[in-house]
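Trainee: I am new to this structure and would like to understand the terms used to describe it. Could we go through them one at a time, setting each value against its definition?

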Amino acid sequence: MKLYDNLIDVTLEELDKAQGRVFSYEKTSPWKCLENTEFIMQRDAALELGGAGLPSVNYTCVTTSGKVSQDEVVVYGKDISEISSGTAFARIVILETGDLGEDQDQEKAFQAIRNLEFVRYHVFPEGYMVRVSSQSNQEQVRIARGALKQGISFARVGAAYIAKYKELEQVKKVRVIFITEKELVEALLPNADKVDAITRTLTHILDGLPTDCGHCSMKPVCDEVEGMRELHLGKNKK
Ligand code: SF4
């Protein structure tokens, strides 16, 4: 799966301009998670991340190119305990997976990507209420006073996400990236739309979109994303 590789490279290039703190998953105990979403009232909240008009973004990229060599959480900007007021927020996940078999069975590969996507909506760290908007790719987080007192951190929340991803057999390595530096969040905003465009194009291809590049509204995506055109044309040869 190389469709997201360019976006991963662009993301990493941008992040290279800043200094991140790396936390190894092996040495981090995951923050406790609940079975379901928890509603935290405003009066019980200590912090809001990515709200109040501040930039916020969330996206997930899948690769099989060896771009993630270990399970880790990387934090750019202030950690939760260092934040004193509303802040910009991004959470980006890069997943190194085994071969998803898109050359043999696109439907199966796409379903695997969907399952990986699903995880992002099904991690419920205690005292950490996530509100995601799949339309705008924003993610806002409300952190409870109690969780702050108990020492919640991005490393431990990230480790909880990694633990959930690792329940899926295709997942080999996971990097969860948290960003609270406003300029960096802003620089990464356009990537989320590109991730969406890739997923949308895959959906259309699987829905039986005719292979007529000259009249196809997905052409800008195929022009930019290496492997997409081959995937569609390959599928129709079968
Ligand atoms: S290869 Fe891309 S541009 Fe061509 S028809 Fe398929 S989706 Fe459209």
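Trainee: Which element gives the largest share of the shell around the ligand?

Mentor: Helix 7 does, with four residues, where helices (H or I, at least four residues) and strands (E, at least two) are DSSP runs, numbered from the N terminus. This is a predicted model, in which local features need pLDDT of at least 70 and side-chain atom pairs count only at pLDDT 80 or more, while totals for chains, interfaces and linings use all residues. Residues are numbered from 1 along each chain as its sequence is written.

Trainee: How many residues surround the ligand, and what makes a residue count as near?

Mentor: A residue is near a molecule or strand if its C-beta atom, placed from the backbone, lies within 6 Å of it, and 14 residues surround the ligand, the closest being Cys213, Cys216, Met218, Cys222 and His232. Two or more residues of this shell come from each of helix 5 (182–206), helix 6 (219–224) and helix 7 (228–237).

Trainee: At what angle do helix 2 and helix 5 pack, and which residues make the contact?

Mentor: Helix 2 (residues 106–119) and helix 5 pack at about 145°, with axes 11 Å apart; axes are lines fitted to C-alpha atoms, for helices over the stretch in contact, and angles run from 0 to 180 degrees between N-to-C directions. Residues are in contact if their C-beta atoms, placed from the backbone, lie within 7 Å, and here the contact is made by Gln106, Glu107 and Phe110 of helix 2 with Leu202, Ile205 and Leu206 of helix 5.

Trainee: Why does the radius of gyration of the protein chain agree with that of a compact globule?

Mentor: The radius of gyration is taken over C-alpha atoms, and the globule rule is 2.2 Å times the number of residues to the power 0.38. For 238 residues a compact globule would have a value near 18 Å, and the protein chain has 18 Å, so the two agree.

How values were computed: Contact = placed C-beta atoms within 7 Å.
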